[in-house]
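User: Hi! Could you walk me through this protein model?
Analyst: Happy to, here it is.

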Amino acid sequence: MITGDNKITAEAIARDVGIFNENDDLTNKSFTGAEFFHGSISDEKRAHLIMHGGGSRVFSRTEPRDKQLLVKLLRSCGEVPAMTGDGVNDAPALKQASIGIAMGISGTEVAKEAADMILADDNFATIVSAVEEGRSIYSNMKAFIRYMISSNIGEVLSIFFTSSIGCPEGLIPVQLLWVNLVTDGPPATALGFNPPDPDVMLKPPRGKDDPLINNWVFFRYMVIGLYVGLATVGIFVFWYTGYEDFVNFLGPSLMDLLGSKYDGHSMVSYGQLTRWGQCRTGEEAVGTVFEGFSVNDFDNTGQGIIDNFSSDPCLYFTKGKIKASTLSLSVLVTVEMLNALNAVSEDGSLLTIPPWVNPYLLLAMASSFILHFMILYVPWMASIFSIAPHDAVDWLLVFLFSFPVIIIDEILKFVGRRRNEAERAKRIRQQKEKEA
């Protein structure tokens, strides 16, 4: 607190408002302007008295230039000072501060002109609300970046994994464009309406030189993006190599309950899938993975049309991949919707900060799914995107491949909370050591 009142009055008011406790020793905590700025105290000693020893400080009988000198001292120590004032004599310090806050009702026009912000209701509690709002905006900006970068990393990695293992292309360009331009847009926009975390004001202020994306945040981006890529390619491979085993695991009774039936497409080995480019119709060279290769005919598009692969079974990896490609697209859309839920809070669990705290996000996710259902179940749109409608078993597979992104991010959030607690404990320990 900086005031022009006398020392006894300033200390009494400081105790009354909680800057000092009733029994605090005010040695090296309460100064007059003459003692602190115009006495024999060196600049190094002033910085030490301001920055060390814990607790608050009160300066009384200060002149306008004393307030300005104090703000300069704080800035030279690496702090980001805010200055509040209402009088003409406060104007130099308001101008010097990192952010000057003038009183809107009782403040003079000179103070208002010098300030960066005008407190319209003259209520200091409003400053706290403004800080909370600022932290919330910054957090939502990070949530948007976290969602978009991790999702885009996943899309890039899905293409990379497809090329590196040599399997057929799971997603075609028009599908990727649809996801980027239409499906991702509404949830990303809705993240701007996230409410503040419950502990947003308990966190220490970020440093002015703190990076927007530190090493831990980048690691989280990569882990989530890696899973998105693996899930998108994994379900494509699973359709070719393990779908029949999954249907057998469910059993006839559960399949009937789900209203689904196996379409009869053939399973191939992982080696055949990743070497599909070597497949040649009619070649039966000894030692090749495609010796005697044949596949069953099945309804590839979900429109009741049976595709015949007996004359050219190698088409199974190109013309016959429509359902596998659709599963990849659905996993990519679903996993990114679930990833949007992860972005509701940077470190808060979905168990403590549920998704419905941001109803706009739920509406955005619903709109994205509706758009996805349209291209799945409207025949002429499905033909444009080269996809086929899902049955209940397909959606079950999509969920099983997509949901782990929630579990992975919950684990990363837990680690993040432990890191924050450890850093907070370290700061408290260092402060106590300084005070001792």
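Predicted model: local features only at pLDDT ≥ 70, side-chain atom pairs only at ≥ 80, totals over all residues.

Analyst: Helix H10 passes helix H16 in a right-handed crossing, that is, with the near helix turned clockwise from the far one by less than a right angle.

User: At what angle do the axes of H10 and H16 cross?
Analyst: The axes of H10 (residues 215-241) and H16 (residues 392-402) cross at roughly 150° and come within 9 Å. Axes are lines fitted to C-alpha atoms, for helices over the stretch in contact, and angles run from 0 to 180 degrees between N-to-C directions.

User: Which residues make the contact?
Analyst: H10 brings Tyr227, Ala231, Gly234, Ile235 and Phe238, while H16 brings Leu397, Val398, Phe401 and Ser402. Contact means heavy atoms within 4.5 Å. These residues divide into 7 nonpolar, 2 polar and no charged. Here Ala, Val, Leu, Ile, Met, Phe, Trp, Tyr, Cys and Pro count as nonpolar, Asp, Glu, Lys and Arg as charged, and the others, Gly among them, as polar.

User: Where is confidence lowest, and where highest?
Analyst: Strand S7 (residues 306-307) is lowest, at a mean of 76, and H16 is highest, at 94. That score, pLDDT, is the predictor's confidence in each residue, from 0 to 100. The protein's mean is 87.

User: New topic: how many helices and strands are there?
Analyst: The protein has 17 helices and 7 strands. Both are DSSP runs numbered from the N terminus: helices are H or I with at least four residues, strands E with at least two.

User: Which strands form the open sheet?
Analyst: Its order is S3-S4-S5, with parallel pairing. Two strands pair if DSSP finds at least two bridges between them. S4 (residues 99-103) and S5 pair over 3 bridges, and Ile101 stands opposite Met117 in S5.

Definitions and conventions
Residues numbered from 1 in each chain as written. Heavy atoms only, no water.
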